[in-house]
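Subject: Structure handover

Hello,

Here is the structure for you to look over. My notes follow below it.

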Amino acid sequence: MADIRAVDIDIDIDVVVFDILGTLVDEPGGLRAEIRDALSASGGGPGGDCADELLAVWQRHVESEQRRIGRRERAYADSEVIDREAAGRVADRAGLTDTAVIERLATASRRLPAWGDSVAGLEQLARRFPVLGLSNAAHLTLLHLNAYAGLRWHQVLSGEAVGAYKPAPEVYGLAVDTAGCPPERVLMVAAHAWDLRGARARGMRTAYVRRPVGDPPTDADAFDGRFDGLEDLVNTLTAR
């Protein structure tokens with residue numbers, strides 16, 4: 001991809017911060033699989049088209065509630081609470097009544113698969129830089145998700161610590177404060193342009209990594225690097 005300024009990134013950064021959901025794990029794919037499992041366990045069959053529709057119900061609820069919290073129309077609730085609400089909406093739409101099935105579905109975000117290059121890429125990068133995770137997922141979700149997906153961090157941070165969701169500036173401030181260096185020496189990596197815009201507004205360096213899901217940048221986005229995958233980013237950062 002164009003606009004890779006690898007030399008600038010390699011020289012100037014001290015700490016690398018990764019978004020997790022969508023960037024290092026396949027969030028929609030994992031949720032879709034969990035919804036299909038719930039349908040199957042309830043006698044509904046694999047339900048491919050239905051699972052896509054129900055995934056959209058889940059995603060709309062999560063996005064809507066996070067925006068409401070950002071606008072202070074709702075008090076902060078962590079992602080475990082919002083996921084449980086989303087699972088309830090999916091259950092109502094699908095006619096699921098088995099409480100055990102619904103309870104497992106409510107914890108679906110704890111079981112999202114890593115992209116094929118995520119585990120090795122993190123391991124390689126962590127030999128060169130302190131590596132942080134920064135997520136909207138709750139602490140409890142991250143505890144289980146990191147173990148399930150095999151993600152290894154020097155430290156993982158949740159917006160729950162500051163009672164906010166990205167792209168609220170205080171979430172990126174949490175990462176900068178944890179890094180202990182000026183924001184311009186901290187690189188935020190994500191597959192979502194909206195996430196990187198929030199980091200850039202806080203003064204952080206930014207790198208977009210393309211994933212099959214996510215929010216691609218526009219031509220107007222002035223990110224420090226754009227990469228076809230995590231391997232390209234890791235090779236660039238560790239080349240010197």
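Is Cys-181 buried or exposed? Cys-181 is buried, because its relative accessible area is 15%; buried means under 20% relative accessible area, exposed over 50% and partly exposed in between, with a 1.4 Å probe and protein chains only. Cys-50 comes out as partly exposed, at 33% relative accessibility. There are zero disulfides in the structure, a disulfide being a pair of cysteine sulfur atoms within 2.5 Å.

Two points on how to read this. This is a predicted model, in which local features need pLDDT of at least 70 and side-chain atom pairs count only at pLDDT 80 or more, while totals for chains, interfaces and linings use all residues. Residues are numbered from 1 along each chain as its sequence is written, and side-chain values use heavy atoms, with hydrogens and water left out.

**The sheet**

Six strands form an open sheet, in the order β3-β2-β1-β4-β5-β6, with parallel pairing. The edges are β3 (155-158) and β6 (225-227); each has a single partner strand, so one side of each has no neighbour in the sheet. On average, neighbouring strands are turned by 25° against each other, direction ignored. Strands here are DSSP runs of E with at least two residues, helices are runs of H or I with at least four, and both are numbered from the N terminus. Two strands pair if DSSP finds at least two bridges between them.

Now β1 (residues 15-18). Val-15 and Val-17 point one way. Val-16 and Phe-18 point the other way. All are buried. In a regular strand, side chains alternate between the two faces of the sheet.

β1 runs parallel to β4 (residues 186-190), with four bridges joining them. Val-17 has Met-188 as its bridge partner in β4. Three bridges join β1 to β2 (residues 131-135), also in parallel. There, Phe-18 stands opposite Gly-133. β4 pairs in the parallel sense with β5 (residues 205-209), over four bridges. In β5, Thr-206 is the bridge partner of Met-188.

**Helices on the sheet**

Helix α7 (residues 139-149) lies across β2 and β3 and runs at about 145° to β3. Helix α8 (residues 169-179) packs on the sheet, touching β1, β2, β3 and β4. The direction of α8 makes about 160° with that of β2. Axes are lines fitted to C-alpha atoms, for helices over the stretch in contact, and angles run from 0 to 180 degrees between N-to-C directions. Contact means heavy atoms within 4.5 Å.

Glu-170 is in α8. Glu-170 counts as partly exposed because its relative accessible area is 35%. Leaving aside neighbours within four places in sequence, Glu-170 contacts Val-162 and Ala-164. Glu-170 and Ala-190 are 20 residues apart in sequence and 17 Å apart in space, C-alpha to C-alpha.

**Two buried residues**

Asp-78 sits in the loop between α3 (48-70) and α4 (79-94). Asp-78 is buried yet has no salt bridge. A salt bridge is a side-chain nitrogen of Lys or Arg within 4 Å of a carboxyl oxygen of Asp or Glu. For Asp-78, the nearest side chain of opposite charge is Arg-84, 8.3 Å away; Lys and Arg count as positive, Asp and Glu as negative, and His and the chain ends are not counted. Asp-78 touches Ala-138, Glu-160 and Tyr-165, not counting residues up to four places away in sequence.

His-61 is in helix α3. His-61 is buried, with a relative accessible area of 8%. With residues up to four places away in sequence not counted, His-61 touches Ile-82, Glu-85, Ala-86 and Arg-89.

Best wishes
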